[in-house]
Amino acid sequence: MMEQVRLIWAAGLGLAYSGVCVAAWYQWRRSRRSASVAAPLLVAYASQSGQAEAVAQQSAATLQAAGLAVQCLPLAQLDVAALQQASRLLLVASTTGEGEPPDMARRFAANLATPAALGELQYAVLALGDRRYTPFCAFGHALDTWLAASGAQPLYPCLEVDALDDVALATWQHQLAELAGLQDSALAAQPLLPAASPFASWRLQERRCLNEGSSGAATYHLALRPADGGALPQWQSGDLVEVQVPAEPGRPREYSIASIPADGCLQLLVRVRVDGQGQLGLASQHLTRDLALGDTLSLRIRPHRRFRLADNATRPLILIGNGTGLAGLRSHLRARQQLAAPQPGWLLFGERQAAHDFYYRHELQALQQQGVLQHVDTAFSRDQPQRRYVQHVLAEQAERLQQWVADGAAIYVCGSLAGMASGVDAVLRQVLGEAVLDELAAQGRYCRDVY
């Protein structure tokens with residue numbers, strides 16, 4: 001009898017212990033579930049001109065409005081450890097150059113060489129690109145491939161967007177609605193991009209050739225004002241214009257603005273484009289040949305937030321460019337000229353021949369006399385038997401470059417990607433080091449407008 005009692009007590013204790021274990025397990029599961037729900041959904045972006053950033057921020061705002069906890073941040077602020085703590089990630093990534101990551105994302109891109117352990121992460125990638133350039137959406141696909149290789153689970157297949165195509169963006173909105181538990185109609189009134197300013201009619205007031213006698217293509221200075229005679233719209237140095245070409249109304253051409261509103265007009269620096277068959281480019285022909293003084297054209301201003309001065313307005317500036325890339329740099333110089341005591345500037349400019357292609361020579365010399373520019377270094381490639389380019393001048397000034405960066409300078413590069421921008425980037429990496437340059441890009445102190 002006593003033996004039966006002991007067995008009953010033992011069984012009871014065993015059941016009680018099992019109950020405690022089961023309760024603890026359920027409590028652990030509940031806490032894990034609560035932690036997962038409480039963990040903010042990450043929305044990260046890799047942006048060169050600001051469009052991917054705008055899409056990411058609006059995506060985050062949409063999810064937040066639906067009651068989700070969301071954190072939106074640049075990809076440069078993420079690392080593998082942060083992703084290992086996250087449960088869901090939405091990535092909005094553009095591609096620049098020849099399939100390269102945006103400058104701001106280069107530091108993170110170093111992670112893509114080796115898969116990580118991200119088995120607890122769910123993700124989706126929105127890859128922004130333009131089919132006129134190859135490879136198409138390469139960086140977005142590289143991120144998607146790395147995440148999959150790291151064990152992360154895709155919420156949706158990688159979504160390609162060609163030139164901000166409305167259909168693809170609508171698909172992304174549908175995916176956001178699913179994540180937020182909303183109907184598509186609830187997001188219809190929340191566009192993913194800020195409304196672009198409408199195209200407006202502008203009148204050509206001035207056009208003059210800046211390089212008469214040059215062995216290169218003719219380059220023109222243009223000045224325009226609103227055709228209705230109204231006040232100038234506001235823009236910042238570093239911004240762009242999109243010009244409608246009558247022959248191709250669906251593909252506006254982008255140009256760096258070479259002036260600021262205080263100049264009283266919108267100014268452009270336009271080179272005549274000639275292809276291998278001797279045909280003039282449609283946009284440059286329209287701007288430099290077809291339009292007569294007093295004629296009108298359709299354009300709109302587009303903010304280029306990644307090339308604006310922003311927090312760098314009070315830093316020393318290193319401005320590097322070639323050819324018509326001087327336009328974007330000139331707008332920054334015009335902005336600095338408005339300051340009572342601007343920080344020093346250093347301009348490195350390259351073209352063909354000093355006698356013909358030194359655009360705005362007298363203006364730049366005046367800026368140097370005023371102290372806006374402390375140094376002006378030039379490289380005219382055809383003025384000596386051996387070709388000399390702006391990246392060669394930069395390499396020769398390695399010690400000054402290091403000192404300026406140590407003193408807090410920001411670096412702005414504007415002009416051709418092939419040759420100049422890639423060569424300058426190589427010199428910067430050699431002189432400053434890969435890690436330093438990637439950190440400058442992540443901080444917004446290495447900015448490029450290249451094409």
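Tutor: Let us begin with a cut-off: a residue is buried under 20% relative accessible area, exposed over 50%, and partly exposed in between. With a relative accessibility of 22%, Leu 164 therefore counts as partly exposed. Please keep in mind that this is a predicted model.

Student: Which residues does a cis peptide bond join?

Tutor: The cis bond joins Thr 134 and Pro 135, with omega about -10°. Pro 135 is in the loop between E4 and H5.

Student: Is Ser 214 buried or exposed, and what does its side chain meet?

Tutor: Ser 214 counts as buried because its relative accessibility is 15%. This serine belongs to the loop between strand E7 (200-209) and strand E8 (219-226). Its side chain forms a polar contact of 2.8 Å with the side chain of Asp 357. Beyond four places in sequence, Ser 214 touches Arg 352, Gln 353, His 356 and Asp 357.

Student: How does one read the two sides of a helix?

Tutor: An α-helix has 3.6 residues a turn, so residues three or four places apart point the same way. In helix H12 (residues 398-406), Leu 401, Trp 404 and Val 405 are buried. These residues span an arc of only 95° around the axis, which places them on the same side of H12. Glu 399 and Ala 406 are exposed on the other side. After H12 comes Gly 408, with a positive phi near 100°.

Student: What is in contact with Ile 318?

Tutor: Leaving aside neighbours within four places in sequence, the contacts of Ile 318 include Leu 401, Trp 404 and Val 405, the buried residues of H12. Trp 346 and Leu 348 are also among its contacts. Ile 318 lies in strand E13 (residues 317-322) and counts as buried, at 0% relative accessibility.

Student: How is a pair of packed helices described?

Tutor: Two packed helices are described by the angle between their axes and the distance between the axes. Helix H13 (residues 417-432) and helix H14 (residues 434-443) pack at about 120°, with axes 6 Å apart. Among the residues making this contact are Leu 428 and Leu 432 of H13, and Val 436 and Leu 437 of H14. By class, the contact has 5 nonpolar, no polar and 4 charged residues.

Student: Which residues of the largest nonpolar core touch the most other members?

Tutor: They are Leu 75, Leu 78, Leu 83, Leu 89 and Leu 147, in a core of 29 residues. Elements supplying at least two residues each include strand E1 (41-46), strand E3 (88-94) and helix H5 (138-149). H5 gives the most, with 4 residues. Beyond four places in sequence, the contacts of Leu 89 include Leu 42, Leu 78, Leu 83 and Leu 147.

Technical notes:
Residues are numbered from 1 along each chain as its sequence is written. This is a predicted model: local features need pLDDT of at least 70, side-chain atom pairs count only at pLDDT 80 or more; totals for chains, interfaces and linings use all residues. Side-chain values use heavy atoms; hydrogens and water are left out. Buried means under 20% relative accessible area, exposed over 50%, partly exposed in between (1.4 Å probe, protein chains only). A polar contact is a pair of N or O atoms within 3.5 Å; within protein, one must be able to donate a hydrogen and the other to accept it, and residues adjacent in sequence count only if both atoms are side-chain atoms. Contact means heavy atoms within 4.5 Å. The arc is that of the directions from the helix axis to the C-beta atoms. Axes are lines fitted to C-alpha atoms, for helices over the stretch in contact, and angles run from 0 to 180 degrees between N-to-C directions. Ala, Val, Leu, Ile, Met, Phe, Trp, Tyr, Cys and Pro count as nonpolar, Asp, Glu, Lys and Arg as charged, and the others, Gly among them, as polar. A nonpolar core is a set of buried Ala, Val, Leu, Ile, Met, Phe, Trp, Tyr and Cys residues joined through side-chain atoms within 4.5 Å.
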